Amino acid sequence: MPESPQHQLNRPLSLGTKAIPSRAVLAPMAGITHVAFRQVLNRFGGCGLVYTEMCSARTIAQGQEQQSGYFRWTDEELPHLVCQIMGSRPEDMASAAQVIEKRGFFGVDINMGCAVSRICRQGAGAALLKAPEKAARVVAAVRKGVSCPVLVKYRTGWSDDPGCAADLARRFEDAGADALIFHPRVAPDRRSRPPRWDHIRHVVQAVSIPVFGNGNLTTAEDVVSMLERTGCSGVALGRIAAARPWIFAQLTQGFRPTSGTIAQTASHMAQTIWDWYPSHIALRLYTTFMTYFCANFAFGHTLRPKLCAGRTLEEIQAAIAAHLNPCPQLLPRPNSLMFTG
């Protein structure tokens, strides 16, 4: 009989000088894993680590972090919060990591997975995978600058070659990375093909540091399957966490959402977003969240416009009350709406 996800995930895991209580962690996502979203997620619990959005290393290194809408947090989450930084210059990345460590974050994550063209044109994100030696220098510079855990989130590379992914993993470990989050898709692939879970196994076998698998995990069965097929140390959940903020509690604590949970989550998310951001930004972040959240429902494509038909918090809350009570039909797996954002 296969092990339950609770048994497999609720085992402490050492990451460098620190440890986490759960092997299910949040994957960093631009426009999604902002401070308001994390507050709602943390209310459910069960997540080993949470992540900021992708922050500009240069902005942080130059002392201009107050200008960033991404470099925000609450003191309560710092013991399990990782700040993800993006950049191409080793000195900027190291300086930013030092600021992050001084602020009390659990650790720092180096983004080598974002394949958005405006990021890659700067030589950052997945573009670093084209230059393995430079990518390793970035990791080494960050490692030299801080004592907190250093993680790297990366993709297979720019060709569908597990050998390349394994070689990168060894370079990152040799440069001082404490753990890897590996998304087994080539950099140009925007989810046009399924992730290659077998590539995760190649990466796991190439290094001795923990590897978190990432890619198309939507159910407890998916999580168990990835752990057993790849031998990865843990899992990093992305879009499913946006769709179902209770997913970590469900996986690690056996939490079962009720119809009341659904409406309460939407309402709490809206309130928390407006608490943190001015209305014009809050509305955009709420609309992005609803793209994923509505993937839970059989008729989510028609429900989403109704839940977003408002300009103020009061109008949004009224729409939630009107359309999520009673709760619409839930799907066992989120539908394709989750992959349109």
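What we have is a predicted model, in which local features need pLDDT of at least 70 and side-chain atom pairs count only at pLDDT 80 or more, while totals for chains, interfaces and linings use all residues. Residues are numbered from 1 along each chain as its sequence is written, and side-chain values use heavy atoms, with hydrogens and water left out.

The largest cavity holds about 40 Å³ of space, a volume being the space filled by probe spheres set on the grid points, which are joined across faces, edges and corners. Its lining, meaning residues with an atom within 4 Å of a point, consists of Gly31, Ile32, His34, Phe37, Leu285, Thr288 and Phe289. Helix α13, residues 279–293, gives the most to that lining, with 3 residues; helices here are DSSP runs of H or I with at least four residues, strands are runs of E with at least two, and both are numbered from the N terminus. By class the lining of the largest cavity divides into 4 nonpolar, 3 polar and no charged residues, where Ala, Val, Leu, Ile, Met, Phe, Trp, Tyr, Cys and Pro count as nonpolar, Asp, Glu, Lys and Arg as charged, and the others, Gly among them, as polar.

After α2 comes Gly45, with a positive phi near 80°.

Now to the cores. A nonpolar core is a set of buried Ala, Val, Leu, Ile, Met, Phe, Trp, Tyr and Cys residues joined through side-chain atoms within 4.5 Å, and the largest one has 107 residues, of which Met112, Tyr154, Phe172, Leu180 and Tyr286 have the most contacts inside it. Helix α13 gives the most to this core, with 8 residues. A second, separate core has 14 residues, including Leu13, Ala27, Ala179 and Phe212. Which residues does Tyr154 touch, not counting those up to four places away in sequence? Taking contact as heavy atoms within 4.5 Å, Tyr154 touches Met112, Gly113, Leu129, Ala165, Leu168, Ala169, Phe172, Leu180, Ile181, Phe182, His183 and Val203.

Turning to charged pairs, the structure holds 9 salt bridges, each a side-chain nitrogen of Lys or Arg within 4 Å of a carboxyl oxygen of Asp or Glu. In one of them Asp92 pairs with Arg58, with the closest N and O atoms 3.2 Å apart. This pair links distant parts of the chain, since Asp92 belongs to helix α4 (residues 90–103) and Arg58 to helix α3 (residues 57–61), 34 residues apart. Asp92 is buried, at 13% relative accessible area, whereas Arg58 is partly exposed at 40%. Glu91 forms a salt bridge with Arg89, again with 3.2 Å between the closest N and O atoms, and here Glu91 is partly exposed at 42%, as is Arg89 at 36%. Arg58, Arg89, Glu91 and Asp92 are linked in a network of salt bridges.

Asp222 forms a salt bridge with Arg333, the closest N and O atoms being 2.8 Å apart. Asp222 lies in helix α9 (residues 220–230) and Arg333 in the segment after α15 (313–323), so the pair ties together parts 111 residues apart in sequence. Asp222 is buried at 11% relative accessible area, while Arg333, at 41%, counts as partly exposed.

Finally, the second largest pocket, a pocket being an open set of points with protein on both sides within 12 Å along at least five of seven lines, has a volume of about 400 Å³. Of its 19 lining residues, the closest to its centre are Ala220, Gln250, Phe255, Arg256 and Pro257. Helices α1 (5–9), α9 and α11 each supply at least two residues of the lining, and the largest share, 3 residues, comes from α11. By class this lining has 10 nonpolar, 6 polar and 3 charged residues.

Methods
1 Å grid on protein atoms, 1.4 Å probe; cavity = no way out; pocket = protein on both sides within 12 Å on 5 of 7 lines; lining within 4 Å. Buried < 20%, exposed > 50% of the residue type's maximum accessible area, 1.4 Å probe, protein only.
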